[in-house]
Structures are given as structure tokens and as C-alpha cells.
Amino acid sequence: MCAMPTNENEWPGEEDVEPLSRRKLFTGLRKALLAATGALAAGEAAQMMAHSSQPEPPESATAGKPEDYAAPSLTFVRDVRAYLVRDALGFYALDAVCSHLGCLVRAVGDGQNSPLLGFECPCHNSHYDAQGERISGPAPRGLRYLAVELDSTGNLIIHRDRETHPDDRLIA
Amino acid sequence: MRRVALAGLWPLLATAGLLLVVVGAWLRERTAPWRRYQDDPQVRAVVPSLTGQRELCLTCHWSIEEISPSHPVEVVGCVACHGGVGIALDEDLAHTGLIRNPGDLSVAAQTCGGSACHSGAPADHRDHLPRVERSIQATYAGAIAYVLRAFGVQPDSVARFGIYAVQSYEGPPDNGGRPVVEALAAFQPAPDAPPLVQQFAGNCLTCHLSAEAIQAPYFYRATGCSACHVLYDNDGLYKGGDPTLPRDEPGHMRRHELTTAIPYTQCNHCHNRGNYELPTMTFVPRADIPAPDYLNAIERRVHEYYQPIGQFTLCEWELDCVDCHTRREVMGDGYLYSSQRDARYTECRTCHGTLDAPPLSYTITDPDDLALRLAFLNPNLELQVGDTILMTDLGEPLPHVVWRGDRLELTMKATGQRYDVPLVLGSGCQQRPDQQESHYCHVCHAYERE
């Protein structure tokens with residue numbers, strides 16, 4: 001029958017070793033090994049998480065302060081893949097994702113130095129007018145109007161997940 | 001008593017074992033084969049908008065060319081065309097189910113097809129794949145019919161067999177009255193067929209879109225859609241940026257790109273490469289290629305273009321094949337033809353007109369006009385609403401032949417080089433209106449290769 005230690009620091013019959021230091025050594029080693037294992041695994045996991053990736057567009061994103069935008073102006077907001085337009089009536093946003101296969105459409109004219117003539121898709125040559133209505137090409141419908149709001153700090157927020165009416169404007 | 005002391009070691013040993021496993025995994029990851037393809041190794045992921053599925057293919061193939069502006073990787077990705085396991089980094093696992101050539105006709109329905117892509121409605125001109133499957137280049141019906149007639153198996157040259165069984169499009173064709181056949185059966189000579197027909201079936205069914213290319217310089221090409229739209233150099237060497245593809249191994253495409261700017265060299269990987277010897281039913285490659293080194297570029301083009309004794313005019317070797325032969329001729333129109341002669345309908349007058357009239361033309365008014373779509377796909381063409389372009393007798397647009405004032409200008413699809421097209425109308429040409437095939441024009445305009 002095996003004898004059990006009578007207390008935490010005592011190993012009966014082990015006169016040739018120092019029970020207290022061995023236990024501490026084992027415990028310390030175990031903790032060190034566990035720490036090394038954890039660090040290695042965490043480091044690798046972090047690297048895996050940090051893969052260079054084409055991010056999915058978030059459902060909404062901030063686009064700065066209204067005063068950052070001239071009137072009229074047209075600005076591509078990459079985070080939400082949308083064009084933020086400021087005209088005489090206010091702000092609105094057009095989805096930059098082509099309704100055909102999902103390529104990003106390009107604006108024809110910048111709306112400031114040259115009039116916005118419309119949008120064209122570089123993939124299959126779908127054309128939209130300045131209001132996002134389909135003109136030609138394989139696109140089945142026009143570009144979506146996305147909701148634009150101000151958050152509590154006065155920043156513009158564009159919502160990809162909320163469509164709005166073409167006549168809607170954010171007045172800011 | 002020592003056993004008691006060692007009992008305290010087990011947790012430590014277990015922890016050490018765990019560490020070893022993690023270190024092993026870490027080492028395996030650090031030395032993973034995909035890392036050898038990058039200077040700054042990192043896993044590269046895309047989430048194509050078409051599929052929404054994460055793909056890691058670019059981790060190894062990170063600098064490969066984008067297949068075409070119409071198929072950007074962030075939209076289409078790799079797996080939609082090439083299959084495989086997109087989320088795997090292990091080469092074998094990632095390539096499980098890999099489709100090396102998505103354009104091969106055996107897989108094109110699942111890769112290039114789809115109603116929104118290349119198996120769409122004929123009225124929308126999106127039926128590329130079903131048309132190609134019925135084209136004379138895919139069925140090989142003409143060669144089979146001629147051989148069967150030559151050896152007495154059938155009484156005429158009307159096609160009855162193809163490489164595979166296929167039905168023609170339904171309804172009457174709008175093809176100017178050229179004869180079509182309703183269906184083809186798969187060619188399989190009967191056991192009692194003449195020996196040379198058996199040999200033909202065994203040796204000569206190598207010149208169609210489903211046949212693997214002869215693996216030799218000047219013959220390298222892909223199959224199916226890629227046979228035309230993925231360019232191969234005569235040396236068969238890859239010259240693109242994919243680090244996984246060897247540069248010194250023949251048999252590869254020039255670059256990982258689809259194009260409609262197809263030079264004559266691409267057509268020549270199949271055409272004008274040799275002849276079938278009837279007594280033995282074997283293919284005999286041309287002995288005069290490659291062209292001698294002392295020839296300049298123009299002379300080389302003439303030399304490689306046609307075989308000796310062929311007669312042709314200046315534009316027939318100065319231009320590329322696709323500058324004269326239309327998409328309906330080359331890719332088919334959905335109907336089955338008995339021969340190349342029935343499938344072809346372009347004549348010299350299509351561009352040059354006749355003594356009585358200039359070539360047919362029309363002005364583009366509809367922004368959805370097919371001509372604009374065709375021009376968009378070719379990097380050398382520029383066309384817009386309001387331009388007046390030529391068209392064939394069947395109304396097929398020729399977006400590369402445009403009226404510029406009183407000049408008729410042809411832009412070569414493969415190179416962008418421009419030519420003024422001379423007109424028969426008002427010239428001293430002796431052409432008879434009822435003699436429009438090229439051999440009549442060759443009487444005066446022939447150029448014969450030495």
C-alpha cells in the first residue's frame with residue numbers, strides 16, 4: 001500500500017531528496033511549460049486570425065463629419081462600398097456594388113469638378129445613370145439607396161443593411 | 001517509495017507532452033509548403049461576393065494574373081471555376097476535386113455555364129456554351145462525314161455522327177438558308193466498317209475541342225472554351241506570375257488570362273499544322289515549321305500562316321482569323337452543320353462590298369447593342385452609341401469595322417492595328433455579283449507562299 005504524504009510539504013521515506021523543493025520545481029516547471037504552450041498556441045492563433053483578407057463590408061460605417069463634404073460632392077466610402085453623395089438637398093448614399101454579379105461600379109464624373117454622369121461596371125459594362133437607375137448592360141436593376149444618418153457624435157453613418165427611398169435626404 | 005515521488009512527475013510530463021505537440025504543430029506550420037511561394041509568408045484570403053465562401057487559394061497562387069476583367073477574383077474567386085477545397089492550405093487537400101481547365105467541355109456547364117453566365121438565353125446572346133457544343137469545331141462532324149463517304153460507309157457528305165451525340169437547336173435557323181442537320185449520333189464505327197475507317201476512329205479524332213493537344217511545340221493548347229480563349233505560346237511555356245507554375249515546363253498557357261483578342265497563332269495550334277495521310281490514316285505534322293530564323297516578322301507570319309500551295313490574299317494573312325470569321329461561324333449558332341463549308345458564311349464582300357453596293361452597315365442606337373458588348377470585351381476596340389459599323393448578311397455586328405467619315409476602318413482584334421478597308425464599289429474590280437467566294441477574288445488578288 002502506498003503511503004501518502006502527511007502534509008503538503010512532507011514526503012515520508014524520501015530522506016535522500018528535499019520534498020519541498022522538488023514539488024516546487026515540478027510545479028514551477030509545469031507552469032512554465034503551460035505558459036510556453038499557451039503562448040505558442042496563442043501566437044499562432046493570432047497570426048491565423050490576422051490573415052490578409054478581403055473584408056466583408058460591415059453593415060454600417062461612419063463616414064466622418066458632414067462638414068468634411070463639399071456640396072455638391074461624390075465620395076466613395078470604401079468601408080461600406082458605397083458612394084456618399086451630397087447635393088443641394090442633403091446627403092444620400094448609393095450602393096457601389098453592381099446588381100449583376102457584385103463588382104464595384106465606377107463613377108463617371110466626380111460630381112464636383114465634373115458633373116456626375118452616372119456609374120459603370122468594369123466587369124460586364126452595366127451602366128447606371130446619376131440616380132443609379134439601370135441604363136444598359138446585364139445588371140437586372142438599379143443601384144440601391146442606402147440609409148444615411150447622424151450618430152450621437154455628429155458623424156455620418158451609412159447603413160448597408162437599410163435601403164431607403166431615392167428622394168430621402170439627410171439634412172445636416 | 002521512489003514510485004511515490006515519481007507520481008508527482010505525471011502532470012509535468014503531460015504538460016511537456018502537450019508542449020511537444022504544440023511545438024510540432026508550430027514547426028509544421030512554419031515549414032508548410034505554401035510558405036515557399038512568398039517572401040513574406042502570410043495566409044491570403046478572399047471572400048468572393050458571388051459565393052460568400054472564404055478561399056485561401058491566393059496563399060500559394062498569390063501573384064497569378066486575374067483571369068479577366070469580367071471575372072475579378074474578389075467577385076468570382078477561384079473555386080467557382082476551378083473547384084477544389086478553398087479553405088485548405090495543404091496542397092493535396094486544396095486540390096481535391098480541382099478542375100485544371102474549367103473551359104473543358106466536360107465541365108464547362110458547371111464552371112462557365114449558368115443562365116446568368118454562358119448558358120443563358122439565345123435571345124440575350126448568352127448561349128455561348130450550348131452553341132459551342134454544337135459547333136463544327138466541337139462535333140468534328142464534317143471530317144467524320146467526309147471520311148465515311150470516302151470509304152463508302154455513307155452515300156453523301158451529310159453529317160450523321162459527331163464526337164458525341166447532340167441535338168440541334170429547335171426551330172428553323174436564321175442562317176441564310178445554309179443546310180443544317182437535326183441531330184448527330186456518337187461516332188463509333190461498326191465492327192464491319194472498313195479498316196481505314198477503324199483506323200480513322202483510332203488515330204484521327206484528335207482535332208476537335210475535346211481532344212487533348214499533341215504535346216509538342218506549335219501544338220500546345222487547352223481544350224474546350226480555353227482552346228481559343230486561353231492563349232498558348234508555340235513553346236508552351238508559362239510566362240505569368242503564378243509562383244507555383246514552372247517556367248521551364250512546356251504544356252502551359254502563356255498567362256492565366258481569358259481573351260477575345262485571339263491571334264492567328266492560337267488558331268494555328270490546331271489549324272494548318274499538318275495533314276492526315278489517307279493510306280495509313282495517320283497525322284503528318286508540317287515539316288516546314290518552325291519558320292527559318294532568317295525570316296522577318298512579316299515573312300514568318302506568312303510562312304506559319306498557311307501551308308505551301310495555298311492561295312490567299314493580302315488581308316488573309318495580314319489580319320488574324322478572328323478579324324474575318326465571326327462568332328457564329330467559329331463558336332456556332334446552335335445548329336448542327338455537316339461541314340466547315342456550311343458553317344462559314346463570311347465572304348470578301350462582307351467587308352469590301354460589291355460593285356453595286358458598299359458593305360452592309362448600321363448605326364448603333366441601343367446602349368444594349370450586342371456590338372457594344374463585344375467591343376467591351378476586347379481591349380483593342382472602342383465603340384459607342386452613334387458609331388456606324390459593318391454587319392453580316394445575318395445582321396451579326398462586326399464591331400471592329402467602323403465607318404470613320406468616308407473611310408472604312410478595321411481594327412485588328414488581337415493587336416489593335418488599324419487598316420483602311422478598300423471598297424469594291426467605284427474600283428476597277430472585275431468582280432461578278434454572283435461570284436463572291438474567295439477563290440474568285442484569288443484570281444486577281446492571290447498571294448502564294450513559296
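B:Met281 is buried, with a relative accessible area of 1%, where buried means under 20% relative accessible area, exposed over 50% and partly exposed in between (1.4 Å probe, protein chains only). This is a predicted model, in which local features need pLDDT of at least 70 and side-chain atom pairs count only at pLDDT 80 or more, while totals for chains, interfaces and linings use all residues. Residues are numbered from 1 along each chain as its sequence is written, chains are lettered from A and ligands numbered from 1 in the order in which they are written, and side-chain values use heavy atoms, with hydrogens and water left out.

- B:Met281 lies in the loop between β5 and β6 of chain B; helices (H or I, at least four residues) and strands (E, at least two) are DSSP runs, numbered from the N terminus.
- Strands β5 (residues 274-277) and β6 (residues 282-285) of chain B are antiparallel and pair over four bridges; two strands pair if DSSP finds at least two bridges between them.
- Within this pair, B:Gly274 has B:Pro285 in β6(B) as its bridge partner.
- The hairpin of β5(B) and β6(B) has four residues between the strands, and B:Met281 takes a positive phi near 55° there.

**Other backbone features**

- Most residues other than glycine have a negative phi, and most peptide bonds are trans.
- B:His125, which is not a glycine, has a positive phi of about 60°.
- The position of B:His125 is in the loop between α6 (108-111) and α7 (128-133) of chain B, and its relative accessibility of 30% makes it partly exposed.
- The peptide bond between B:Ile289 and B:Pro290 is cis, with omega about 0°; B:Pro290 is placed in the loop between β6 and α13 (297-305) of chain B.
- In chain A, a cis peptide bond runs from A:Ala71 to A:Pro72, with omega near 5°, and A:Pro72 belongs to the loop between β2 (60-62) and β3 (73-77).

**Strand pairing in chain A**

- Strand β10 (residues 145-150) of chain A pairs with strand β5 (residues 90-95) of chain A in the antiparallel sense over two bridges, and A:Ala93 stands opposite A:Leu146 in β10(A).
- β10(A) also pairs with strand β11 (residues 156-163) of chain A, in the antiparallel sense over five bridges; A:Glu149 has A:Ile157 as its bridge partner in β11(A).
- Five residues lie between β10(A) and β11(A) in their hairpin, and A:Gly154 in the turn has a positive phi of about 85°.

**Overall layout**

- Chain B has domain 1 (30-98), domain 2 (130-327) and domain 3 (346-448), with bounds that come from an automatic or database domain assignment.
- The centres of domain 1 and domain 3 of chain B, taken over C-alpha atoms, are 43 Å apart.
- Chain A is assigned domain 1 (17-53) and domain 2 (60-163), with C-alpha centres 51 Å apart.
- Chain B contains 20 helices and 13 strands, and 44% of its 450 residues count as buried.
- Along the principal axes, the C-alpha atoms of chain B fill a box of roughly 120 × 60 × 55 Å.

**B:Gln215**

- B:Gln215 is exposed, with a relative accessible area of 52%, and is found in the loop between α10 (195-203) and α11 (226-229) of chain B.
- Apart from neighbours within four places in sequence, B:Gln215 is in contact (heavy atoms within 4.5 Å) with B:Tyr220 and B:Gly251.
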